Each structure stands twice: as structure tokens, then as C-alpha cells.
Amino acid sequence: MEKKSLLQWTMLMLSCASLSIGVIAGPLLAKFYFRRAGGNRAWLPAFLQTAGWPLLLIPIWISSCYNKKQGCHFQTVHVTLKLFIASFGIGMLIGMDNTLYSWGLRYLPLSTSAMVFATQLGFNAVFGYLIVRQKFTPFSINAIILLTFGTSVLSFNGSSDRPEGVSQEHYVLGFILTASAAGLYGLILPLIELTYRETSLQITYTLVMEMQLIMSFSASIVCTIGMVVYKDIPAMVREANASQLGQGLYYTSLLACAVCWQLFFIGVFGVIFLSNSLLSGVIIAFYIPVNQMLAVFVYDDEFDSGKAMAMGLAFWGFVSYLYGEYRSYVTQVENHESSLSDSESASLREDKPDEMDAV
């Protein structure tokens, strides 16, 4: 764990806040499309998860102005061809993952769809170890177990609240698609971290946001192709006209969904850049039970003992992870201070004149 400056800690906190907003509001608004807005498409919600990529120009511009310290002039960070190809390829994986998640959410209740977030933490840990040699502590392992088990509790009674009009076959299909999305997402996060490590360029926040722009644009292309093939664009117009909410609220909900999902990805990329992919997975898993609590109020979902247990375990796991990170940071600071003290002592011994020479 590297020692961070005040600016880095501030940026990490902002990234965590952005991730928190996105991981809570994104799924709720995506479900709003299916349950309240009268939507029935799958490619459109997948497209919305990265359609807000033009918003990335704002943090890129701000970061560029800060780095250049030459006034507010837009500065472009030029990525190498290799980095562009890697970012574009990961973006295509993100587009596929968004599609799997949207199809699963179409057939599953929101509480059951939490499986995608529950299992992604386990996949994240495995792939993180294999790809980037993610280091684990007893506290992080404890957090992974608690968060994974806690959020998995939400799915135990999933079949009992199967959405009305969804067949058993579609329910099983939704479960498989959601689990597949979890595995793919657990792979994507370490791949992003690996891209940061392997590039020959100096990794700055500006470059990270530009890489995210490429990935989001690539993912949007994948989903746009699907929308064109399955004629989601004309279907969207028909849904807006037929929506009981009215066209204005229908399109507003889509816009809000795109903005919230972009905040989610800004937070994910920022946390990975400033910390690691495991922390982003832990934050996502922590907020799943919170998301379910909000679903109780927004969609009148039933609140049972399983959800209460999930919230307790999630809080326990999250605190365990934070305490482990705090212990690691304190140990690092103590070792750093001890190293400085030893260096100063050695320097004083070298500068001290030899007593025999003085005589």
C-alpha cells in the first residue's frame, strides 16, 4: 500500500463517492425502466450504462488544467496504439458484460440480481490474484467471505418472488446470464489494473479518464450494434409514447440512468487507479444490501430476515476491510519513519570525527 498525498486521498474519497452513487442509483433506475417506465428492451439499458461517456470530457479537462498549470486550456493526453487497442478491447468486454447484466435484470427481481454483485467479488479476488498478483491480508479475506456470503443470502428466496409474467425457463436464464456477467466483470477489473501497470506511459488521472472514455465508447458501439439489429431505437419511441409516465419522464429516466452509470464507472476507474481493483469490488458488494433496502421503499419489495442479515454481514465485512487497510497504512508509516531514523543515525555516525584522529 503506497503512501498517498492529501490530493490522492481527496481524489480517492471522491472516486468512492462517485462509485457509491452509481452503484446505488444505477440498478434502481435500470429496474425503473422495466417496472415503472414500461420498458421491455434489453440492449437499450445495456447501452445506457456507458452512453454517458461524453461526460468524461469534464474530468479530463479539469485534470488537464491542473496538471499543466497553464490556465484552463484543454490538453489531450495521447495514448499509444497498444494502449488504445487494449482499452478498446476491454471496452468491448464491458459492452458484453452490460448486455448480460441487462438481460438478467429483465427476468430477475432486483434482490436476486444482486447475485451478480455478490459473486463478482469472489471472481475479482481469484482473477486479481492470477492476473495482478493481488495481495491479501486476513482482514481482506475475511471481508471477501462476509460480503460474498452476505449478498448471496439475498438470492436464497429469489424464486419465491419471481416477477409476474416471467416463466420458470426465463427465470433460470436470467440467473445464468447474471452469474455470467458476474464472472466477466470480476475479470474486467483486474484487466484494467493490469493495463495501468503494463503501460510504458506515466499513469495520471487524466490518462485514466481518457482510457475510460475509449472503453466506454467501445462498449457503447457494441450495444449500439445490438440496438440496431434488434430495432431497439424505434421500439424506444413506441415505449415513450405508450408509457404511463409520459414521454418527458420516460426520457428523463433514461438520461438519469446514463448519468448515474457513468458516475459508477468514473468511480470504479478512479478507485482502481488510486488503490486497487479489490477495493472497488468490496465497495460494490457493500452497497448491494443498501440497494435492496432502497428497493423496499421505491418498489415496495418485501424486507425479510435475509436482507437484514445481508446488511449486517456487509457492514461487518466492509469495516473489516477498512480496518485491515488502516493497519497496513499504519505499519507502512511506522516502517518508513523507522527507515528514516536509521538513515539519519547512520549519517550522524559517518559525520562524527574519529576520536583517535582528533587526538
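Trainee: Why is S243 called buried?

Mentor: Buried means a relative accessible area under 20%, exposed means over 50%, and partly exposed lies in between, for a 1.4 Å probe and protein chains only; S243 has 10% relative accessibility, so it counts as buried. This is a predicted model in which local features need pLDDT of at least 70 and side-chain atom pairs count only at pLDDT 80 or more, while totals for chains, interfaces and linings use all residues. Residues are numbered from 1 along each chain as its sequence is written, and side-chain values use heavy atoms, with hydrogens and water left out.

Trainee: Where does S243 lie, and which residues does S243 touch?

Mentor: S243 lies in the loop between α10 (232-242) and α11, where helices (H or I, at least four residues) and strands (E, at least two) are DSSP runs numbered from the N terminus. Leaving aside residues up to four places away in sequence, S243 touches A37 and Y250, a contact being heavy atoms within 4.5 Å.

Trainee: Is K231 buried or exposed, and how do you know?

Mentor: The relative accessible area of K231 is 57%, and K231 is therefore exposed. K231 sits in the loop between α9 (205-229) and α10, and its phi is near 55 degrees, a positive value in a residue other than glycine.

Trainee: What makes I58 partly exposed?

Mentor: I58 has a relative accessible area of 48%, so it is partly exposed. I58 belongs to helix α3 (residues 57-68), and although I58 and M209 are 151 residues apart in sequence, their C-alpha atoms are 9.7 Å apart in space.

Trainee: Why are α8 and α11 called oblique to each other?

Mentor: Angles run from 0 to 180 degrees between N-to-C directions of axes fitted to C-alpha atoms, for helices over the stretch in contact; under 35 degrees counts as roughly parallel, over 145 as roughly antiparallel, 65 to 115 as roughly perpendicular, and the rest as oblique. Helix α8 (residues 168-198) and helix α11 (residues 247-274) pack at about 50 degrees with their axes 10 Å apart, and α8 and α11 are therefore oblique to each other.

Trainee: Which residues of α8 meet which residues of α11?

Mentor: From α8 come Y185, L189, I192, E193 and Y196, which meet F264, V268, F269, I272 and F273 of α11. The residues of this contact divide into nine nonpolar, no polar and one charged.

Trainee: At what angle do helix α4 and α8 pack, and what does that make them?

Mentor: Helix α4 (residues 81-107) and α8 pack at an angle of about 155 degrees, with their axes 8 Å apart. An angle of that value makes α4 roughly antiparallel to α8, and the residues of their contact divide into 19 nonpolar, six polar and one charged.

Trainee: Which residues touch the most other members of the largest nonpolar core?

Mentor: A nonpolar core is a set of buried Ala, Val, Leu, Ile, Met, Phe, Trp, Tyr and Cys residues joined through side-chain atoms within 4.5 Å; of the 74 residues in the largest one, F264 and F269 touch the most other members. The largest share of this core, 13 residues, comes from α11. Not counting residues up to four places away in sequence, F269 touches I192, Y196, V208, M209, Q212 and M215.

Trainee: How many helices and strands does the protein chain have?

Mentor: The protein chain has 14 helices and zero strands, and buried residues make up 48% of its 359 residues.

Definitions and conventions. Nonpolar A, V, L, I, M, F, W, Y, C, P; charged D, E, K, R; others polar.
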